[in-house]
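User: Could you show me how to read the strand and helix packing in a model like this? I would like the general idea, then the case at hand.

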Amino acid sequence: MTGRNEGFGAGNGAAPAANGRRDVTSGASPLNTIGRPMRKVDGLAKATGRARYTDDIALPGMLHGKILRSPHPHARIVSIDTSRAEALEGVHGVVTGRDMPTPYGIIPWTPDEHPLCVDKVRYIGDGVAAVAAVDEDTAIAALDLIDVAYEELPEYFDPHEAIAAPSGPYIHEPRKPGWSGNVTKVVKLEFGDVDAGFDEADVIAEHDYFFEGTTHTPIEPHCAIGLAEGDGKVTVWSATQVPHYLHRELARVLEVDPAKVRVIQPPVGGAFGGKSEPFDLEFCVAKLSMLTGRPVKILYTREEVFYAHRGRHPFHMRYRTGATSDGMLTSVDARIVLDGGAYASFGLVTTYYSGQLLTAPYQMPAYRFHSTRAYTNKPACGPKRGHGSVQPRFAFEVQLDRIAELLEIDPIELRRRNFIGANTRTVNELRVTSNGFLECLAEVERASDWKRKHRRLPFGRGVGVAGSTYISGTNYPIYPNEMPQSGIQLQVDRSGRVAIFSGASEIGQGVDSMVAYVVAEELGVPLDHIRVLAGDTDFTPVDLGAYSSRVTFMLGNACLQAARKLKAMVQGAVAEEWEAKPREVLLAGGMALRAGDTGTGMPLREAFNLAEAKFGTLGATGSYNTPKDVHGSYRGGTIGASPAYSFTAHVAEVEVDTETGFVTVDKIWIAHDCGRALNPVLVAGQMEGSAYMGFAEALMEEHIFKSADEGRAGLHNAPSLLDYRIPTSLDTPALESLIVESIDPEGPYGAKEAGEGPLHPSIPAIANAIYDAVGVRMDSLPFSPPRVWRALQAADGGKVSGRIGEAVGAGHAV
Amino acid sequence: MLRLPSFRYHRPATLDEALERLAGLGPEAVPIAGGTDLMPNMKHGLFTPAHLVSLNRVDAMKGTRVAGGDGVKGNGRPAELAGTFLEIGALETLADLAAHPAVRFHAPAVAQAAGLVAGPQLRNMGTIGGNVCLDTRCTYYNQTKFWRHALGYCLKKDGDVCHVTRVGRKCVAAHSADTPAALIAHDAVLTLAGPSGARDLAAADFFVPDGIRNTRRGDDEILTRVRIPIVPGRRSAYRKLRQRSSIDFPLLSLAVAADFAEDASVATIRGVVSALGARPRLLSGWDAIAAGTRLEPDVVEALADRARRQCRPLDNIIVDAEWRRAMVPVYARRALRELAGDPSTAGAGA
């Protein structure tokens, strides 16, 4: 296999699409910074190794911590004796679950975790005790001296078996009497008349799909440092993507006044949803520091990152999809079992998302889903890039391919016919505003030369298409409150330098750069006169965190508001000086200029000084809150509601080696409607990164566990980057990003998300391309060589050679 | 990050000094060259030697040269390729070996195998000696101490059960190095130096069917040199089955070498398969099928089928054993086609 990353700009259609749209912005001046390719503000430091990640920080007198983990998948803790460990020279402190008995959970309705297990352990790797010592080796030695007596309990690894368990002991205490303690959440929702929809259908496809679990594999392992000071103040540095939620939970669990807790987020080396809730190490470093009076650091091993997990849930899915003979959808029915692992994490939301986010970009007259999330004795699942909707999207886009096949309609044409449109409501009452999905389809169709390839390539080679939608943040925050979701503060120095105090989490996606571009655009300040100071709860306003693709939309709007306030002050002061109208004062290129008068101008620094003289110390705040009146009028109808939705289409071209089962993805064309590309290079980077991650899940990744027949049930199959395989650069297909700009009416400059949406279609596009290549449906992930080889063997006794023909029973006419 | 256990590091300047250290320090000392296999194993607590004896200063164990025949030019070859054998110092890095013109010319399977080990960084550190002596690997063995504790340990280290076979008292960890299959196919000879002098051992005789310790190297011995005979008319090829195009250990490793007579018929042919059990397997019965033929398609098919019948992979590696077995004839066929000169098979690997 060869890797060819053509990257942004290599013959893609982004530039014409972008330029074509730029003038549309009503009445606004041309944009100087927004929409242009620019460096990231933190790019050089990261590329040259100067960025200081959490583990690069060493405080004077710092101790090193380690966490003792359970070797049992489900067991009662009978006793813990830490005395031998405490007696070891060099050990300064030991804590157990009883030192932090307050339960927590990222979702306030399901607080089912403790920093360290109190009464029982629920997976191999669950934290039981933590040690702080002079160095890591001493801490590790101390772990061996902690004596824990366990009493093993019945174990559950299959979600169906967990749900079916008639009585306890369950994995958790039932939340209500009569409920199962092995079930996190059940969601049943129905919109329209589903049964009537099937009656109207000319064809119905009904199939089972399985999406194997995968994990995030951030290259930086989780790391945290705790520092408790004499005045009761507790500071935690952490590689987190949610400083605000961590701040809240630290205060609650450690019983410290939140005004005395400070969370600092240093640069993060990858997160992808895997650092979006509190983890044991963050509580442990704080508690151990409170106990010892010295700073304490814990850095996970790679193995511990696999146990912390919170990755993509395995989904067992059955989809029934009806359509008329001209390909119009009539009804969709889904039954989904989610394998949640040992704790709830974001699982309540995941259970809703498994159904709620499927209702665009296609019109569904009737839709029903029934999703159940089970607890199992494995590391907890949670949100991974494309939270909760990547799995159903895989199944549904393969369903559409089957229907297109049954009806002999081109799969792109089928998707076009079912397009839901812009400025509309989905069947589950989500408000859709801007929608560039048709352009996405047109772009991938054109760029991939689809019409000459689909069903026309030689045997073994094929193309597949898929579409998707995703949220740009959620209208409702994780904990109910009326306050803004994002806030920002700007401050101006007499030198002309502007400082941005941002509470948002830079996790590589470019948020620190995004706010700098907005300020540069509005105030005309050169990028190198802007400082972004972010990720410290002591001096930045609250932003809820880097999750659910919310930051560009929400923080971008907050920043725009703040910058425009400041701009109005500067324009006012300069206008007074020039005896002009404020709107005649233009701020651009480091200058204040007078419209229509090329001879009048002054450096921005002077303009800022005039404004400071007129208004006093210069600064501005901005905030953004979501519309709260646009959601479904039913229980759960707020979940999935977003201020805007992004849309994506992919075409994948693959080659299948029928002797070995190896699938080579030669190229993926990615068209994504991001509203407006604030920086097209970063947008293309997100699109490529997303497509890569989806491709990795399609072909390789399997977050799986040993069975009882394989030595030890519930033991992680391979907690290392050697055996948990993610593709190398050599394996990665050529990726072509095609940016589509629909200019959203509510997004900053029309922008929507680009970080998660573009992942979704990768997997079904590859599955559909494999079918086009060899006529075999891959309904279970991953499409690894042994599985593809087995599917080929099963399809035709190993003698597959003809093209396409649905296997018997794969679909039926009504 | 996993911690490396503490040890004393010795850097002898000569082979004799290195052998002395090993003999003097006893089983608590382990020789180390590139360290790409030993270091991760130490971090996993699989080895905790008190002493590491580095070989990196022993210049006598470095370099590759064509030797024998006193530089007599044959068949119009340039002088630097002429000779009767290749002599490869055990400290030669895999990267250097893969790029060496004489190795690529006379023993292409060895160069291909060396070039497919792990990834570029590891090939810059890893040596041919280390690759030949690579510890066997198993899904139940190459894990952290915590993981193995939760498992209850295994036969190869700290336990008394083999989780692969579940019954046997024999360790079936997989021989997972790339180069030995190619070296065996080329009739390579290994030189082991010990306290009482040096001895030569055919590469084919170096390995034993015991996953716990699968080589005949004594604790006090150092593999110093690999010699590959240069045989006119010999062609070879190596194929490696793995899911990624870099980094991964082989799921199946297969080398073929054949000596062709002047009339382009096969005089003798060897196939070696590894990454199945504890040692590489020299396939039997190939000469009976192929000698005198020109590797016509039906001959290739018969050889491939013969290979499949001799190979039964186990679940010692986390990838589908039945599929790995089915790949034996596929990879044999592809390697043999390359020998037969089919241009569509150029390039090793999947």
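**Sheet and helix packing**

Analyst: In chain B, three strands make an open, parallel sheet in the order β1-β3-β2. Strands here are DSSP E runs of at least two residues and helices are H or I runs of at least four, numbered from the N terminus; two strands pair if DSSP finds at least two bridges between them. This is a predicted model, where local features need pLDDT of at least 70 and side-chain atom pairs pLDDT 80 or more, while totals for chains, interfaces and linings use all residues. Residues are numbered from 1 along each chain as its sequence is written, with chains lettered from A and ligands numbered from 1 in the order in which they are written.

User: Why is one side of β1 and of β2 in chain B left without a neighbour?

Analyst: β1 (8–10) and β2 (29–32) of chain B are at the edges with a single partner strand each, so one side of each has no neighbour in the sheet.

User: How do strands pair in general, and which residue is the bridge partner of B:Y9?

Analyst: Strands pair through backbone hydrogen bonds, parallel or antiparallel. Here, three bridges join β1(B) in parallel to β3 (residues 51–54) of chain B, and B:Y9 has B:L52 as its partner in β3(B).

User: How are two packed helices described?

Analyst: By the angle and the distance between their axes. In chain A, the axes of α11 (residues 390–407) and α19 (residues 762–774) come within 8 Å and cross at roughly 35°; axes are lines fitted to C-alpha atoms, for helices over the stretch in contact, with angles from 0 to 180 degrees between N-to-C directions.
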